[in-house]
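Have the sequence open alongside as you read.

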Amino acid sequence: MYSLTFSVLFVGFLLLTLLVRFWLSSRHIRHVLAHRSAVPAEFAEKIPLAAHQKAADYTVARTKFGILTLLVNSAVLVGFTLLGGLQLLSSLLLQWLDGPGMVYQLCLIGAFAVISGLIDLPFDYYRQFVLEARFGFNKMTRGLFFADALKTGLIGAAIGLPLLWVTLTLMDKAGKLWWFYAWLVWSGFQLLMLVLYPTVIAPLFNKFTPLDDDSLRARIEGLMSRVGFASKGLFVMDGSKRSAHGNAYFSGFGAAKRIVFFDTLLARLAPHEIEAVLAHELGHFKLKHIAKRIAVMFAISLAFLALLGYLKDQAWFYTGLGVNPLLFGSNDAMALILFMLALPIFTFLLSPLSSLSSRKHEFEADAFAAQYTNAQDLVSALVKLYEDNASTLTPDPLHSAFYDSHPPASLRIGKLHATH
């Protein structure tokens, strides 16, 4: 009874999510196309019509491609669950391996990850070498694309398998509160990654060189001094070998904080605009946005792990998603996979809450930047970035509320103009 009810709920939420996402995408496409013929008045003197139309076409192409990937991902989800894909994978591994022990569990998760990655690979390839290339953004070679995929897989296995082993061991041996101990391990791992990623992992994919522009370095160091920010160093990343998109960010935690500029950003923006963009990024740190996001992430993960702690012992959770739980052996790996697959279906409608919080932080970081640099410098930098990245100036408001972590250009720049 519970199994059938859960299956019906799962299918109902899946259909609801699909309908809402299709509706949002169609709204977005219609809205962008309806405003394609004219640059919004507040940008008319800054962005050419051709660039505005390119952004509209790029947005529509990405949205249509998103609809296709949504259909495929939904079919794969149903195939893994209700149509018995995971059940078949489990049966094959049990025949091949000697019993449902730890090796079986790690192989089950590993095989699921490999199959999912292989399904995603053609879409990633199309996105990079067809969609991005069509609009002039792709700078990546095919060799680099496949090398990145291989490195990502190897690093994921090197880091993920030990973490999974610890988690599965806790699920099996640590009693009813395993989820709390697993949360402590996961939280510690996330904090460790904040330290290791910028200095150990990121350099495996990109080259980071110290910023050698003395005048720009002096300007940035002056900003950091005014703001009260200490950094491990200023670096330039060779983002241009993969994409024409530009960005700036800081990464790390504690003494390992470092500021990174894409080389494409430095080539496009003037020094005073770079300073304003960096002031925005530093605003996130000084206003404790990053600490708040980490705290929220930890709280949500604790709640979800507690929920998994309940679900993993419920037979209906497995059978409702097309899997017969093992009577003799651990189902913990299967529980992790099913939970990961089902959770986004039940939480999608909460997406605007996350976007709302993120947008609030973006407005606050803009206001912070306006205190320490000229607000108009940030405006001019953002306009250039919108144009260079082909970001639409006319997103559908409802679609934006669900998907966009940053406010629409008109709202964001309007607030900056108001501070001038």
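## Ground rules

A contact, or touch, here means heavy atoms within 4.5 Å. This is a predicted model, where local features need pLDDT of at least 70 and side-chain atom pairs count only at pLDDT 80 or more, while totals for chains, interfaces and linings use all residues. Residues are numbered from 1 along each chain as its sequence is written, and side-chain values use heavy atoms, with hydrogens and water left out.

Start with A248, which sits in strand β3 (residues 248-251); strands are DSSP runs of E with at least two residues, helices are runs of H or I with at least four, and both are numbered from the N terminus. A248 is buried, at 4% relative accessible area. Buried means under 20%, exposed means over 50% and partly exposed is in between, using a 1.4 Å probe and protein chains only. Leaving aside residues up to four places away in sequence, A248 touches V260, F261, L265, V277 and E281. Its C-alpha atom is 9.3 Å from that of D263, 15 residues apart along the chain.

V260 belongs to strand β4 (residues 258-262). With 0% relative accessibility, V260 is buried too. The C-alpha atoms of V260 and H280 are separated by 14 Å, and the two residues lie 20 apart along the chain.

Helix α4 (residues 102-134) packs on helix α12 (residues 332-347) at about 30°, with axes 8 Å apart. Axes are lines fitted to C-alpha atoms, for helices over the stretch in contact, and angles run from 0 to 180 degrees between N-to-C directions. The pair is therefore roughly parallel; that label covers angles under 35 degrees, with over 145 roughly antiparallel, 65 to 115 roughly perpendicular and the rest oblique. From α4 come Q105, L108, I109 and F112, which meet D332, A333, M334, L336, I337, M340 and L341 of α12. That contact splits into nine nonpolar residues, one polar and one charged. Ala, Val, Leu, Ile, Met, Phe, Trp, Tyr, Cys and Pro count as nonpolar, Asp, Glu, Lys and Arg as charged, and the others, Gly among them, as polar.

S330 is in the loop between α11 (315-319) and α12, and is buried at 16% relative accessible area. Its side chain makes polar contacts with the side chains of Q105 at 3.3 Å and D332 at 3.1 Å. A polar contact is a pair of N or O atoms within 3.5 Å; within protein, one must be able to donate a hydrogen and the other to accept it, and residues adjacent in sequence count only if both atoms are side-chain atoms. Not counting residues up to four places away in sequence, S330 touches P100, Y104 and Q105.

The axes of helix α6 (residues 178-201) and helix α10 (residues 289-311) come within 9 Å and cross at roughly 150°, which makes the two roughly antiparallel. Residues in α6 including W178, W179 and W183 meet residues in α10 including I294, M297 and F298. By class, this contact has 15 nonpolar, four polar and no charged residues.

Helix α14 (residues 375-388) and helix α16 (residues 409-419) have axes that come within 9 Å and cross at roughly 160°, so they are roughly antiparallel. Among the residues in contact are L378 and L382 of α14 and I413 and L416 of α16. Nine nonpolar, three polar and one charged residues make up this contact.
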